[in-house]
Amino acid sequence: MDEPKHPVTTVDRTLQIVEIIQELDGAGVSEVADRVDVGKSAVHNHLNTLANREYVVKEGEEYHIGLAFLGLGAYARKRNDIFDAAYAEVDKLADETGELVNLLVEKSGQGIYLYQAQGDSAVELDTYEGKRVNLHCTGLGKAILGFRPEEEVEGILDDHGMPAETEHTITDPDAFFEELAEIREQGYAVDEEERLNGLRCVAAPITDDDDRAIAAISVSCPVHRVDDDRFYDDLRQAVLGAANVVELEHNYS
């Protein structure tokens with residue numbers, strides 16, 4: 001992401017405060033002030049301004065993200081052409097598989113969950129629409145990176161690293177690029193407990209006319225309940241089929 005030539009310090013500080021409140025799932029004035037390294041009075045003024053506009057709400061001594069952001073997020077998502085092409089297929093795939101289905105896009109080298117749908121047997125996870133994750137440790141992220149130029153992937157890994165989320169996370173670049181080559185050949189990616197222990201995902205890229213991944217769709221399920229036969233046969237085929245439908249809708253409608 002290009003740095004602004006003339007950043008507005010006050011705006012930058014306000015957004016930093018909002019991000020801290022989200023990261024901490026609520027915070028008081030002192031806690032925020034410690035994180036942004038400014039005085040409590042200045043933080044209090046920022047928070048009061050945000051609260052007046054309903055972008056944060058005060059609950060006891062803590063401030064939390066307000067519902068005013070919900071309208072902005074929904075509007076931003078609705079303007080995304082991938083969401084428009086994919087949400088119906090995501091819902092259909094969740095109904096057919098009974099599992100959690102995810103739609104992810106890449107922004108500034110990280111993944112953003114654009115949409116999720118839950119089937120009858122879906123697991124509850126720490127993910128939500130709008131959550132950012134590193135790409136190297138998810139099936140969705142690997143599906144996207146597998147269909148991006150190598151130099152672009154190298155840049156993303158340089159910027160964000162390859163932190164180990166679990167003992168199964170791939171943290172060696174050479175091993176990672178070997179897996180990306182396999183993903184390009186087979187057309188799908190898997191995540192075997194690489195971001196969360198006990199969870200496996202199968203994902204397929206959604207590509208444009210130039211075969212560049214612009215998003216990915218996945219099914220997430222618990223390891224203990226979904227065996228290899230169902231995972232690599234039924235769910236894999238279902239995800240590939242859904243990705244193909246979305247590609248056609250996005251690229252040719």
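Predicted model: local features only at pLDDT ≥ 70, side-chain atom pairs only at ≥ 80, totals over all residues.

**Entry 1: V90.** Setting aside neighbours within four places in sequence, I found V90 in contact with V101, L103, Y115, Q116, A117 and I217. V90 is found in helix α5. Is V90 buried or exposed? V90 has a relative accessible area of 0%, so I wrote it down as buried.

**Entry 2: the cores.** Next I looked up the largest nonpolar core, which has 30 residues. Which residues have the most contacts inside it? They are L103, V202, I206 and I217. The elements giving two or more residues to this core are α5, β3 (100-107), β4 (110-118), β7, β8 and α9. I noted that α5 gives the most, with 7 residues. Another core lies apart from this one; it has 21 residues, with L145, I156, L180 and I183 among them.

**Entry 3: V202.** I then went back to V202 and listed its contacts, not counting residues up to four places away in sequence. Y188, A189 and V190 are among them, as are I217, S218 and V219. The list also includes F231, L235, R236 and V239.

**Entry 4: helix α9.** That list sent me to α9, residues 228-252. I tested its length: at 1.5 Å a residue, its 25 residues should span 36 Å, and the end C-alpha atoms are 34 Å apart, which agrees. I did find a kink of about 30°, centred on R236. The buried residues of α9 are F231, L235, R236, V239, A242, A243, V246, E247 and N251. What do they pack against? I found α5 (81-97), β6 (189-192), β7 (199-207) and β8 (213-222).

**Entry 5: H136.** I turned to a histidine in a loop: H136 lies between β5 (132-133) and α6 (139-145). Its relative accessibility is 2%, so H136 counts as buried. The side chain of H136 reaches the backbone oxygen of P163 at 2.8 Å. Leaving out residues up to four places away in sequence, H136 touches several others, including K142, L157, M162, F176 and E194.

**Entry 6: the annotation.** Last, I checked the record. The unreviewed UniProt entry carries the annotation "domain: IclR-ED" for residues 68-252. Over that stretch I noted 46% helix and 23% strand, with the end C-alpha atoms 35 Å apart.

How values were computed. Residues numbered from 1 in each chain as written. Heavy atoms only, no water. Helix = DSSP H or I, 4+ residues; strand = E, 2+ residues; numbered from the N terminus. Expected span 1.5 Å × (residues − 1). Bend = angle between axes of the 7 residues up to and from the residue. Buried < 20%, exposed > 50% of the residue type's maximum accessible area, 1.4 Å probe, protein only. Contact = heavy atoms within 4.5 Å. Polar contact = N/O pair within 3.5 Å; in protein donor to acceptor, adjacent residues only side chain to side chain. Core = buried A, V, L, I, M, F, W, Y, C linked by side-chain atoms within 4.5 Å. UniProt positions renumbered as here; feature names shortened; annotations may be inferred.
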